[in-house]
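Dear colleague,

Please find the structure below, handed over for your records. My notes on it follow directly after.

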Amino acid sequence: MKHTQQPEALLVLQDGTVYKGLALGKIGTAGGEICFNTGMTGYQEIYTDPSYYGQVIINTTSHIGNYGILNNAEQESNGVKIRAMVCNFFSNIHSRYTADGSLQDYFERANIVGIHGVDTRQLVRYIRSKGVMNCIISSEILDPAVLLAELNKVPDMDGLELSSEVCTREAYEQGDPEASLRVAVLDLGVKRSILSNFNQRGVFCKVFPARTSHAELAAWKPNGYFIANGPGDPAAMPYAVETVKQALETEKPLFGICLGHQILSLASGISTYKMHNGHRGLNHPVKNLITGHCEVTSQNHGFAVRAEEVMDHANVELTHINLNDKTIEGIRRKDKPAFSVQYHPESSPGPHDSHYLFDQFIGMMKE
Ligand SMILES: NC(=O)CC[C@H](N)C(=O)O
């Protein structure tokens with residue numbers, strides 16, 4: 001078994017709190033915003049989700065690495081997007097007959113630093129009460145004072161634009177070009193499983209870089225617009241808000257997921273804010289206020305849209321609400337064929353309760 005003599009590692013929080021543990025992944029130092037995901041499965045999908053770009057993920061499920069990694073099937077993008085990882089028990093051995101390798105080797109190749117042997121229950125309770133903050137992990141510098149100085153160089157997520165760093169450089173097409181429906185995807189950090197949800201339903205997609213103007217999207221003659229998920233602060237993305245405003249004017253159907261939901265909200269005059277702690281996991285209960293049904297949802301967001309501004313809006317209707325904390329989970333425009341959700345209906349990883357939203361969007365395009 002590899003790495004039986006694991007070097008020590010330190011995790012230092014912005015407020016100076018220090019956690020000791022053992023190194024995993026690459027030996028090195030990395031800092032970012034610390035956030036926790038409570039999902040009990042799907043770690044590779046989480047690490048490769050571009051919405052986590054620049055973040056340090058605590059996996060609260062107690063065993064990580066035990067089913068290894070797959071080269072393709074569980075990748076949500078072209079590589080690991082998280083900055084670093086924290087867990088309680090990191091398994092050096094994996095068991096799954098289809099596995100292509102170990103998580104340790106995968107992290108080493110991707111230059112991802114991590115720490116395990118941390119009491120993640122205590123750590124999460126601490127962050128939950130103090131609120132979101134930055135952190136740094138190192139397996140090479142074991143002096144907390146030096147690390148704290150390094151940590152001060154890590155940028156604050158508030159006000160940070162990151163979609164331009166993770167989106168495609170060139171537009172590309174995906175799916176069957178003969179399909180009867182064409183969706184222009186504004187790639188703010190799109191997950192692969194969202195595109196497969198469209199392709200499986202016979203929709204042809206063209207994925208455009210984040211800073212594409214509406215004129216360029218419209219020139220492809222899409223039947224509808226999809227505004228993707230992605231990392232960073234939506235309030236720092238006036239370019240995407242402008243594209244969405246213009247897309248709304250075409251009266252063609254528009255659907256947004258997560259960051260896309262926040263951008264549709266901003267384009268509708270509703271502001272966003274940074275949450276005390278984000279929602280990241282696979283079991284967040286959401287009520288669909290149109291049908292009265294509850295959905296168990298997959299989530300990953302640290303910003304949200306302002307509830308009071310949704311409620312006061314003449315042209316926006318609240319469609320989904322979070323049953324844990326009553327935050328806004330979905331809206332639709334009363335005057336335009338546009339709707340969005342804060343959670344992840346593509347459910348990768350996660351429960352499949354919300355797949356119907358893709359069918360709803362396709363139904364609107366067919367009308
Ligand atoms: N998954 C996402 O699209 C995340 C959106 C945004 N970056 C947030 O944290 O709220």
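Leu103 is buried, because 26 other C-beta atoms lie within 10 Å; a residue is called buried if 20 or more other C-beta atoms lie within 10 Å of its own, exposed if 12 or fewer, and partly exposed in between, with C-beta atoms placed from the backbone. This residue belongs to helix α2 (residues 103-109). Helices (H or I, at least four residues) and strands (E, at least two) are DSSP runs, numbered from the N terminus. Not counting residues up to four places away in sequence, Leu103 touches Ile64, Gly65, Gly68, Ile69 and His94, where contact requires that two C-beta atoms, placed from the backbone, lie within 7 Å. The C-alpha atoms of Leu103 and Ala184 are separated by 34 Å, the two residues being 81 apart along the chain.

The model is a predicted one: local features need pLDDT of at least 70, side-chain atom pairs count only at pLDDT 80 or more, and totals for chains, interfaces and linings use all residues. Residues are numbered from 1 along each chain as its sequence is written.

I turn next to the ligand. Its surroundings consist of Ser51, Asn229, Gly230, Pro231, Gly232, Cys258, Leu259, Asn300, His301, Gly302 and Phe303, a residue being near a molecule if its C-beta atom, placed from the backbone, lies within 6 Å of it. Strand β16 (residues 294-305) gives the most to this shell, with 4 residues. By class, the shell has 4 nonpolar, 7 polar and no charged residues; Ala, Val, Leu, Ile, Met, Phe, Trp, Tyr, Cys and Pro count as nonpolar, Asp, Glu, Lys and Arg as charged, and the others, Gly among them, as polar.

The UniProt record (unreviewed entry) places the feature "binding site" at Ser51, Gly230, Gly232, Leu259, Gln262, Asn300, Gly302 and Phe303. These positions span 253 residues in sequence, yet no two of their C-alpha atoms are more than 13.1 Å apart, so they gather at one spot. UniProt positions are given in the numbering used here, feature names are shortened, and annotations may be inferred rather than shown by experiment.

Two of these positions deserve a description. Ser51 is found in the loop between α1 (43-47) and β4 (55-59) and is buried, with 29 other C-beta atoms within 10 Å. Beyond four places in sequence, Ser51 touches Gly189, Asn229, Gly230, Pro231, Cys258, Leu259 and Asn300. Asn300 lies in strand β16 and counts as buried, with 28 C-beta neighbours inside 10 Å. Its contacts, residues up to four places away in sequence not counted, are Asp49, Ser51, Tyr52, Cys258, Arg280 and His344.

Cys258 sits in the loop between β14 and α9 (259-267) and is buried, with 29 C-beta neighbours inside 10 Å. Leaving aside neighbours within four places in sequence, Cys258 is in contact with Ser51, Asn229, Asn300, His301, Gln342 and His344. His344 lies in the loop between β19 (338-341) and α11 and is also buried, with 25 C-beta neighbours inside 10 Å.

Yours sincerely
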